[in-house]
Structure formats: C-alpha cells, structure tokens
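User: I'd like to go through this model with you, starting with the side chains.

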Amino acid sequence: MPNRTMRASGTPGTTGTPGAPDSAPGVTGTTAKARARRAGLRGEGTWGWLFVSPMVLVLGLFMVLPILMALWVSLLHWDGQSNPFSGQADFVGLDNYRSLLTQDGLDRTLFATALRNNAYYVLLTVPLQTLLALGLALIVNQKMLRGRGALRTTFFFPSVTSSIAVSTVFLFLFQGSGAVNSMLSWIGVKGPNWFADPRGVLSLILGGLGIVDPERPTGFLADHSTMGLSWFEWLSGPSVAMCTLILLAVWTTSGTFMLIFLAALQNIPRELEESAAMEGVNRRQMLRYVTLPALRPVLFLVLTLGLISTWQVFDQVYVMGQGAPGNTTLTPAFLSYSAGFDDADFGQGAAIAFILLALILVLTAFQRWALRDRGARTGRNR
C-alpha cells in the first residue's frame with residue numbers, strides 16, 4: 001500500500017529498493033531514439049542510392065565498362081575485325097607497352113616524336129592561354145569600361161566556333177600566299193611556308209646565332225639519344241607548323257577561360273580590395289597580394305583544364321596536316337587514332353591512350369602539389 005501511494009503521488013521509487021533512482025526508462029528512451037536515428041539514416045541512404053542508381057548505371061555502362069574493355073584490348077594484338085573477348089585475338093600481354101617505351105623500333109620513335117611535339121605544345125599553349133585569359137578578364141572586369149558586354153562577346157566568340165571551321169580558316173590564313181605572309185611582306189619580312197616547314201624554332205634561333213648547324217648537328221647533343229631521338233631533336237623546339245597550332249589553340253580557348261576568371265574576379269569581396277586600397281597599395285601590388293591569392297583555386301582549375309585539353313589535342317592535328325610535315329605535328333592522341341584505324345592495330349592504339357592517361361594523371365597531381373596552399377598548411381602544423 002505505501003508503494004502504491006508513492007507511485008500515485010509521482011514520487012520516484014521501485015518495488016525492489018524504496019527511494020532508489022529509476023534510470024531504466026531514461027536509458028531505454030535514449031537507446032530507442034538512437035536506434036530510430038540509425039534506422040532513419042539507413043533509410044535515407046537507401047533512398048539516396050535509389051535516386052542516384054540511374055546515373056551510376058549510366059556511368060558504369062558508358063564509362064567504367066568501356067575503360068576496362070579498352071584496357072583488355074591494350075593487352076591484345078587485335079585488328080578490330082573479330083571479338084576481342086574470344087580466342088581469335090592474340091594475347092600479347094605488355095608487348096604493346098614495351099614496343100612503345102623500351103624496344104628499339106619505329107613504334108617507339110614515332111611515340112617519342114609525338115611526346116616531344118605535344119610537350120612543346122603544352123608548355124607554350126597552357127601558359128599563353130592562361131595569361132591571355134586572365135588579362136582579358138581583368139580588362140572586362142573594370143566597371144568604368146564602356147561596352148564591356150560587347151567585348152566579352154567578342155573575346156568569347158572564337159571559343160564557341162567549330163574547331164574544324166577555325167582550323168580550315170587558319171589553313172587559308174597561314175598558307176604560303178596567305179594573308180599572314182602578305183601582312184609580313186608589308187614590313188619587309190618574308191614569311192615561311194608555315195604548314196610545310198618542319199624545322200624547330202629553337203634550332204633556327206641557335207642556327208641564326210651561329211651556335212649550331214640545324215642541318216648537320218654535331219657534338220654532345222647529336223651523339224646521345226633517348227627513345228630513338230637524339231637530344232638535339234628533343235631540344236630543337238616546336239616546328240614552325242606546330243607554332244600555328246599553338247596560335248590557334250590560344251586564340252580559341254582563351255575566351256572560355258576568360259569567363260571563368262571573370263566569374264572568380266566578381267566573387268572577390270569588395271571589402272578586401274577597399275581595405276587594401278586604404279593601405280595605399282598600387283595596382284601591381286593589388287594584383288600580386290590580393291587578386292592572385294584569391295584566384296588560386298580558379299587558377300588551378302584553369303591550368304588543369306588546359307593541361308588535359310592540350311595533351312588530348314586531336315581535331316586540329318587531323319585537319320591541319322595529320323602529323324605533317326615530317327611528323328612534327330604528330331601527337332599521341334592522333335597516333336593512337338592512326339594506329340587503330342589506319343594500321344588496324346587497336347591494341348597499340350589502346351596502349352598509347354592508357355600511357356597518355358597515366359601521364360595526364362601524374363602531371364595533374366604534380367600541378368596540384370605545386371599550387372597547394374603552403375601558408376595554410378604551415379599554420380595547421382603549428
């Protein structure tokens with residue numbers, strides 16, 4: 001009877017020990033809430049996977065599966081006429097990669113030539129298009145500038161034009177009797193036959209200075225070779241024909257990167273610039289210490305996109321010479337296409353593509369390391 005009275009009056013107690021605190025209901029309630037929360041999270045995860053499953057299925061069927069199939073083809077000697085997953089295709093293992101990287105022969109020489117050409121293409125195109133895009137963005141971002149909308153449209157127009165059409169126009173502009181050589185003749189300069197000149201620009205400069213003979217190189221650079229090419233060929237620079245491709249790439253891609261820089265510039269807080277102006281910094285200091293640090297993530301994005309696109313250049317090469325003259329405009333992407341569709345050696349073409357993929361991943365990782373925020377990392381270590 002006393003226990004019933006205590007419970008009826010709301011006084012805590014138990015039947016076993018009168019006056020002891022009753023913690024069991026609270027623990028049970030907390031456990032039930034935790035279980036309900038975990039069940040809710042599992043339900044949300046299930047619904048999340050259900051909603052993204054169409055995209056996962058599409059990516060698996062049209063990206064992951066073709067990549068795995070291409071990786072298998074790179075281990076075969078396959079002409080594209082039979083089923084690569086049957087016994088009709090010859091399994092050669094890593095022979096396709098060895099013929100490109102280690103074994104002496106025409107395949108390695110062509111691949112080394114393509115790497116050299118594309119390396120010069122990347123080293124010149126990426127910095128030039130980035131600097132030009134940043135400069136154009138700084139110009140059109142000025143609030144006092146009139147006709148900013150028209151300028152943005154003008155600068156961006158080459159980026160939305162078909163690359164095939166632009167390449168065809170450049171063929172007419174840079175031919176022997178084209179508009180470019182005609183304008184050079186006005187100032188007394190005889191222009192070269194741009195798309196038929198295989199000479200390297202650096203070798204021409206050194207030859208003009210009398211340091212080396214571009215026609216008959218001798219000495220240390222000519223006596224040593226790597227992957228079938230002499231060191232002089234590696235260091236001779238891009239050919240005159242490749243320079244036209246570089247100009248084309250810079251002109252057609254700087255507009256897109258200009259818009260990316262422009263969006264980033266407009267997101268820089270005005271208070272940051274105003275406080276820097278109150279400190280008396282000039283425009284050059286503002287650009288170096290305020291604008292560029294704020295653009296670091298966007299700069300990494302632009303450089304990464306430029307790096308990937310320049311290592312994958314194909315359409316301009318296909319239209320403007322297909323490697324001619326003298327394979328000085330040959331690139332790994334076009335060499336992969338040529339090996340598969342011209343020589344019916346799809347295994348070697350796939351191997352070139354995967355070597356190119358590995359090269360792009362390594363260079364992107366190095367670029368990310370080089371552009372990392374060292375100051376923030378040092379602060380965290382402290």
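Analyst: Let me begin with Arg98, which counts as partly exposed at 37% relative accessibility, a class that lies between buried (under 20% relative accessible area) and exposed (over 50%), with a 1.4 Å probe and protein chains only. This is a predicted model, in which local features need pLDDT of at least 70 and side-chain atom pairs count only at pLDDT 80 or more, while totals for chains, interfaces and linings use all residues. Residues are numbered from 1 along each chain as its sequence is written, and side-chain values use heavy atoms, with hydrogens and water left out.

User: OK, and what does the side chain of Arg98 meet in a salt bridge?

Analyst: The partner is Asp95, at 2.6 Å from N to O, where a salt bridge is a side-chain nitrogen of Lys or Arg within 4 Å of a carboxyl oxygen of Asp or Glu. Both residues belong to helix 3, three residues apart, which is about one turn of the helix; helices here are DSSP runs of H or I with at least four residues, and strands are runs of E with at least two, numbered from the N terminus. Asp95 is partly exposed too, with a relative accessible area of 36%.

User: How many salt bridges does a search of the whole structure find?

Analyst: The search finds three.

User: Is Asp104 buried or exposed? And Arg108, buried or exposed?

Analyst: Asp104 is exposed, with a relative accessible area of 68%, whereas Arg108 is buried at 12%. In the other pair, Asp197 is buried, with 7%, and Arg199 counts as partly exposed at 39%.

User: Changing topic: how many residues has the largest nonpolar core?

Analyst: That core has 37 residues, and those with the most contacts inside it are Phe111, Tyr121 and Trp311; a nonpolar core is a set of buried Ala, Val, Leu, Ile, Met, Phe, Trp, Tyr and Cys residues joined through side-chain atoms within 4.5 Å. At least two of its residues come from each of helix 3 (95-101), helix 4 (106-140), helix 6 (163-173), helix 11 (240-266), helix 14 (296-311), helix 16 (332-342) and helix 17 (346-370). Helix 11 gives the largest share of this core, seven residues.

User: What does Tyr121 touch?

Analyst: Leaving aside residues up to four places away in sequence, Tyr121 touches Met242, Leu245, Ile246, Ala249, Thr310 and Val313, with contact meaning heavy atoms within 4.5 Å.

User: Last one: is helix 16 mostly covered or exposed?

Analyst: Helix 16 is mostly covered, since eight of its 11 residues are buried, namely Pro332, Ala333, Phe334, Leu335, Ser336, Ser338, Ala339 and Gly340.

User: What covers the buried residues of helix 16?

Analyst: The cover includes helix 4, helix 15 (315-319) and helix 17. Just after helix 16, Ala344 takes a positive phi of about 55°.
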